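Visitor: Hi! Could you walk me through how the pieces of this one pack together?
Guide: Happy to. Here it is.

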Amino acid sequence: MGIRSVLSKPLAQFVVQRQKEWMHRPGETQQRWFQALLEGAKNTAFGRDHRFKDINSYPEFRQAVPIRDYEDLKPYIERILAGESDVLWKGKPVYMAKTSGTTSGTKYIPITRESIPNHINSARDALLNYIHETGKAAFLDKKLIFLSGSPELVVKNGINIGRLSGISNHHVPAYLRTNQLPSYETNTIEDWETKLEKIIDETLTQPMSLISGIPPWVQMYFDRIQARTGKKIKDVFPDFSLFVYGGVNFEPYRAKLYESIGKKIDSIETYPASEGFIAYQDTQSEEGLLMMLNSGIFFEFIPAEDYFSKNPRRLTIEQVELGKNYAVVIHNNAGLWGYSLGDTVKFVSNDPYRLLVTGRIKHFISAFGEHVIGEEVEKALYYAMEQHPETEVVEFTVAPMVSPREGLPYHEWFVEFATPPHDAEAFVRDLDRRLTELNVYYKDLISGSILRPLKLTVLPRETFRNYMKSQGKLGGQNKVPRLSNDRMIGEGLLETMQTV
């Protein structure tokens, strides 16, 4: 065993033991952060605007600080970018994470000296929990790759600006830098396809043991390697033993990824966002991701059915119920206050609090009142794939067809298959039947002849890749929305298919 793997085990034991000190005391832990955040921001512009010095309880705080999205917070962000200090958090942020919003264009999310540990330590601790539970640490002695955005930063008024994955790259521990790939020069390449070919050049002959990234882009990496070598990934990288992923539900990609690898390997799921690292998989034996309740964030949760109401219920961690969908709201030591992440989660355990990411609160189809959500379409697809085990899906999204040229309206599923089902009609029936079981409103619309059963539109290979490229969102941390309430993405895919 190498020095890294040897030293990781006592560190893992220390981290897990410290973790136990807060994970079983969720209310107390969150209350402590609530008080610390108020104290830390009371003299900021935001703190003065919202009377932080006069707030003595959570109900008072809830009254003073409304839920907001990026657009609501943008005036404060612009003051920070202009060089002003003490706006949302004391001093200036060290970084601004640049990210693409679906409605806000480019967003700039502050990362302060106090909030950096949330991003860096959480990623580290996900690996250490795995090492502690399994005893497997040899992967640390081989080569590791993190498929990410460029680490190049620009400086504006003393603040470093760049992609979160690139910012995180600057904080990879020194003891891992010597076995981290790709090189800095390759990582700075902006064009994803050019970058991917260079990454393959650098990794093809290396003893890769850990590969991390968003599943569809990792799959593209695997596809290009197989095209070059004609081999399964296990034969190209015999030391590959751990896959770390986040950003999307793994299930629709699992079969294809494992088929490309040629064997099953261990995996760790994470839930990072530019706004904060929310949760990670702390065990291989239990469902769900451990929520980071002791990492500079005070959380609130809005029941999904309340989210668009005038005065939605706002719950603390101890008030949530298992099995219900909640929108996540954060207040943190980067200066985000009442910030709605836009994600929905469902808790599967409350001792400790573990969750599943179920979708995006604004990504749904409700053209006729059905309110189909991401979790439901993913479960329906996974069920259909189980019934047709030969099927492998590359990518998919769903959109409504409200005014077809003839017949009743329907949901249109745009699916790119690696291996299509042998019986497409049976696949569609299984898919539609499962969706009616998961969503009673959709079932009622079908049985009431308001909607007809879904339509499957099979897209040629590379359609999603070409579409994302046309939108400037190929690779990195970009993701295809699972579903939407309009046809913008669907029509874009059809146009892409016709122009290639």
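This is a predicted model: local features need pLDDT of at least 70, side-chain atom pairs count only at pLDDT 80 or more; totals for chains, interfaces and linings use all residues.

Visitor: Let's go to helix 10 and helix 11. At what angle do their axes cross?
Guide: Roughly 60°, and the axes of helix 10 (residues 192-203) and helix 11 (residues 215-229) come within 10 Å. The two helices are therefore oblique to each other.

Visitor: Is helix 10 passing helix 11 in a left-handed or a right-handed crossing?
Guide: Right-handed. A crossing is left-handed if the near helix is turned anticlockwise from the far one by less than a right angle, and right-handed if clockwise.

Visitor: Which residues make that contact?
Guide: Helix 10 brings Trp192, Glu193, Leu196, Glu197, Ile199, Ile200, Asp201 and Thr203, and helix 11 brings Trp217, Met220, Tyr221, Arg224, Ile225 and Arg228; contact means heavy atoms within 4.5 Å. By class, the contact of helix 10 with helix 11 has eight nonpolar residues, one polar and five charged. Here Ala, Val, Leu, Ile, Met, Phe, Trp, Tyr, Cys and Pro count as nonpolar, Asp, Glu, Lys and Arg as charged, and the others, Gly among them, as polar.

Visitor: How does helix 11 pack with helix 13?
Guide: Helix 11 and helix 13 (residues 251-261) pack at about 30°, with axes 10 Å apart. That makes helix 11 roughly parallel to helix 13, and their crossing is left-handed. On the helix 11 side the contact is made by Pro215, Pro216, Val218, Gln219, Phe222, Asp223 and Gln226, and on the helix 13 side by Tyr253, Lys256, Leu257, Ser260 and Ile261. The contact of helix 11 with helix 13 has seven nonpolar, three polar and two charged residues.

Visitor: What about helix 1 and helix 6?
Guide: Helix 1 (residues 3-23) and helix 6 (residues 116-134) have axes 8 Å apart and an angle of about 105°, which makes helix 1 roughly perpendicular to helix 6. Among the residues in contact are Leu11, Val15 and Arg18 of helix 1 and Asp125, Leu128 and Ile131 of helix 6. The contact of helix 1 with helix 6 divides into six nonpolar, five polar and four charged residues.

Visitor: Changing topic: how many cavities of 30 Å³ or more are there?
Guide: Three. On a 1 Å grid over the protein atoms alone, a cavity is a set of points where a 1.4 Å probe fits but cannot get out, and a pocket is an open set with protein on both sides within 12 Å along at least five of seven lines; lining residues have an atom within 4 Å of a point. Grid points are joined across faces, edges and corners, and a volume is the space filled by probe spheres set on the points.

Visitor: What lines the largest cavity?
Guide: The largest cavity holds about 50 Å³ of space and has 13 lining residues, with Ile80, Leu88, Trp89, Gly91 and Pro93 nearest its centre.

Visitor: And the second largest pocket, what is its volume?
Guide: About 410 Å³. Its lining has 21 residues, and Ala304, Asn325, His371, Ile373 and Glu376 are the closest to its centre. Helix 14 gives the largest share of that lining, three residues.

Visitor: Last one: where are the cis peptide bonds?
Guide: One runs from Leu181 to Pro182, and another joins Asp351 and Pro352. Pro182 is in the loop between strand 6 (180-181) and helix 9 (184-187), while Pro352 is in the loop between strand 14 (339-350) and strand 15 (353-360).

Note on methods. Residues are numbered from 1 along each chain as its sequence is written. Side-chain values use heavy atoms; hydrogens and water are left out. Axes are lines fitted to C-alpha atoms, for helices over the stretch in contact, and angles run from 0 to 180 degrees between N-to-C directions. Helices (H or I, at least four residues) and strands (E, at least two) are DSSP runs, numbered from the N terminus. Angles under 35 degrees count as roughly parallel, over 145 as roughly antiparallel, 65 to 115 as roughly perpendicular and the rest as oblique.
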